Amino acid sequence: MSSSESNPVYGPFFGIMGAASAIIFSSLGAAYGTAKSGTGIAAMSVMRPEFIMKSMIPVVMAGIIAIYGLVIAVLIAGGMNTSESYTLYKGFVHLGAGLSVGFSGLAAGFAIGIVGDAGVRGTAHQPRLFVGMILILIFAEVLGLYGLIVAIYLYTRA
């Protein structure tokens with residue numbers, strides 16, 4: 001097998017798509033989670049303005065999802081050195097790593113947004129719901145963390 005067959009010119013395309021997928025999809029999830037939770041906070045703050053800072057937790061947790069995608073995108077981009085060969089296998093592994101953190105971040109962001117919106121509105125009516133909301137948010141956040149773990153594992157296999 002010649003060098004051009006194992007290192008095709010289109011090989012880096014898949015690595016670039018992995019980096020782009022990681023940051024795009026995880027940022028979409030984080031943006032949705034932030035927007036959805038933010039509307040809940042705005043509606044809740046009319047009734048109970050003293051709970052505004054306490055209700056910012058879903059927004060912070062949604063922002064962390066984007067950091068997961070950023071970490072993997074930077075790792076993939078840093079692993080794309082033009083001076084050495086970039087195999088097709090490496091491109092596919094980087095694509096898989098980016099997609100795993102991106103799609104899990106998208107799902108986690110949706111979950112955080114929905115739970116955050118309903119949770120902060122419910123906490124305005126019944127403050128004892130706050131601990132339950134936090135627990136559910138942690139379970140939603142961990143979905144993105146699972147994607148990050150898989151992406152790091154895949155990245156180290158390239």
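The legends below describe several close-up views of one predicted model.

**View 1. Helix H5 and the helices it packs against.** Helix H5 covers residues 129-157 and has 29 residues in this predicted model. From its first C-alpha to its last, H5 reaches 43 Å, which is close to the 42 Å expected at 1.5 Å a residue. Several residues of H5 are buried, among them Phe130, Met133, Ile134 and Leu137, and the buried set also includes Ala140, Glu141, Gly144, Gly147, Leu148 and Ala151. What do the buried residues of H5 pack against? They pack against helix H3, at residues 57-78, and helix H4, at residues 88-125.

View 2. Val150 lies in helix H5, and its relative accessible area is 42%. Is Val150 buried, partly exposed or exposed? Val150 counts as partly exposed because its 42% falls between the limits, buried being under 20% and exposed over 50%. When Val150 is viewed together with Met17, the two residues are 133 residues apart in sequence, and their C-alpha atoms are 17 Å apart in space.

**View 3. A nonpolar patch on the surface.** Met53, Met56, Val60, Ile64, Ile67, Val71, Leu75 and Ile152 form a nonpolar patch on the surface, and together they have about 660 Å² of accessible area. Which helix gives the most to the nonpolar patch? Helix H3 does, with 5 residues. Met56, one of the patch residues, has its place in the loop between helix H2, at residues 11-47, and H3. With 31% relative accessibility, Met56 counts as partly exposed.

**View 4. A network of salt bridges that includes Asp117.** The structure holds 3 salt bridges, and Lys36, Asp117 and Arg121 are linked in a network of such bridges. The side chains of Lys36 and Asp117 meet in a salt bridge, with a distance of 3.4 Å from N to O. This pair links distant parts of the chain, since Lys36 is in helix H2 and Asp117 is in helix H4, 81 residues apart. Asp117 also forms a salt bridge with Arg121, where the closest N and O atoms are 2.6 Å apart. Asp117 and Arg121 are separated by about one helical turn, because they are 4 residues apart in helix H4. Is Asp117 buried or exposed? Asp117 is buried, with a relative accessible area of 10%, whereas Lys36 counts as partly exposed at 27% relative accessibility and Arg121 counts as partly exposed at 36%.

**View 5. Ala43 of helix H2 and its distance to Asp117.** Ala43 has its place in helix H2, and with a relative accessible area of 31% this residue is partly exposed. How far apart are the C-alpha atoms of Ala43 and Asp117, and what is the separation of the two residues along the chain? The two C-alpha atoms are separated by 9.2 Å, while the residues themselves are 74 residues apart along the chain.

**View 6. The salt bridge between Glu50 and Arg48.** The side chains of Glu50 and Arg48 meet in a salt bridge, with a distance of 2.9 Å from N to O. Glu50 counts as exposed, because its relative accessibility of 53% is over the 50% limit. Arg48, for its part, counts as partly exposed at 25% relative accessibility.

View 7. In an unreviewed entry, UniProt places the feature "domain: V-ATPase proteolipid subunit C-like" at residues 17-76 and 95-154. Over residues 17-76 the chain of the model is 85% helix and 0% strand, and the end C-alpha atoms are 10 Å apart. Residues 95-154 are 95% helix and 0% strand, and the end C-alpha atoms of this span lie 10 Å apart. For "transmembrane region", the unreviewed UniProt entry lists residues 12-35, 56-80, 92-117 and 129-155. How much of the span at residues 12-35 is helix? Residues 12-35 are 100% helix and 0% strand, with end C-alpha atoms 34 Å apart. Residues 129-155 are likewise 100% helix and 0% strand, and the end C-alpha atoms of that span lie 40 Å apart.

Note on methods. Residues numbered from 1 in each chain as written. Predicted model: local features only at pLDDT ≥ 70, side-chain atom pairs only at ≥ 80, totals over all residues. Heavy atoms only, no water. Helix = DSSP H or I, 4+ residues; strand = E, 2+ residues; numbered from the N terminus. Expected span 1.5 Å × (residues − 1). Buried < 20%, exposed > 50% of the residue type's maximum accessible area, 1.4 Å probe, protein only. Contact = heavy atoms within 4.5 Å. Patch = residues over 30% accessible without salt bridge, like charges linked within 9 Å, V, L, I, M, F, W, Y side chains within 5 Å. Areas by Shrake-Rupley, 256 points an atom, 1.4 Å probe, with all protein chains shown as cover. Salt bridge = Lys/Arg side-chain N within 4 Å of Asp/Glu carboxyl O. UniProt positions renumbered as here; feature names shortened; annotations may be inferred.
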